[in-house]
Amino acid sequence: MFIKRSGFPEESDYVTCTVTNIQHNSVFVNIHEYDKSGMITISEIAPGRIRNIRDYVVEGKVIVCKILNVNKERGYIDLSLRRVTEGQRRLKSDELKQELRAEKIIEMTAHLLKMDVKDLYAKIEAAFLKNYFYVYQAFDDFLAGNMVLASTSTRIFPSRLKRP
């Protein structure tokens, strides 16, 4: 995923994470959207008593967590796995899939334009991500007719690309 947000996530946001390290009383994760590390204490892994933390999480597994607390001075991010419902997990997974599709569209467009993918993505990110959290949301608004590409479109999409 190309998007890497700057700063820290907001409390009560849902983020995708990869489990990086499992201790006897906590789990350390890497938060994908922000490229930061966070920690899940054993009490936030699952409700009830946990005999073996490895029954619930595995290193390298991608999980959806809720942001509980952010300490910007120390750089600490506390997360919860047990406070994420199945519906919220599914919604976050769907958002991730949509964003990956949008990135694939950008990749194919860059190939047609003979541009570097990251350069094109940076241009699109600068134009759209001020008002949208994900690129696919901007694409959806454009397709629904809620957004018009004005002078910015000539900088992002040169005239050699024929649009339908």
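Which residues touch the most other members in the largest nonpolar core?

Modeller: Please keep in mind that this is a predicted model. The largest nonpolar core has 21 residues, and the ones that touch the most other members are V27 and L79. Two or more residues of this core come from each of β1 (14–22), β2 (26–31), β4 (62–71) and β5 (76–80). If we take V27 and set aside its neighbours within four places in sequence, we find V27 in contact with V19, N21, I22, G38, M39, I40, I45, I53 and V57. Another core, made up of 15 residues, lies apart from the largest one, and among its members are A102, Y121, V135 and F139.

Of these, Y121 leads us to helix α2 (residues 117–128), whose buried residues are L120, Y121, I124 and F128. Seen down the axis of α2, these buried residues fall within an arc of 100°, and therefore they line one face of the helix. The length of α2 can be checked as well: its 12 residues should span 16 Å at 1.5 Å a residue, which agrees with its end C-alpha atoms, because these are 16 Å apart.

Of its 164 residues, 35% count as buried, and among contacts between residues at least 6 apart in sequence, 59% join residues at least 24 apart.

Key:
Residues are numbered from 1 along each chain as its sequence is written. This is a predicted model: local features need pLDDT of at least 70, side-chain atom pairs count only at pLDDT 80 or more; totals for chains, interfaces and linings use all residues. Side-chain values use heavy atoms; hydrogens and water are left out. A nonpolar core is a set of buried Ala, Val, Leu, Ile, Met, Phe, Trp, Tyr and Cys residues joined through side-chain atoms within 4.5 Å. Buried means under 20% relative accessible area, exposed over 50%, partly exposed in between (1.4 Å probe, protein chains only). Helices (H or I, at least four residues) and strands (E, at least two) are DSSP runs, numbered from the N terminus. Contact means heavy atoms within 4.5 Å. The expected span of a helix is 1.5 Å times one less than its number of residues. The arc is that of the directions from the helix axis to the C-beta atoms.
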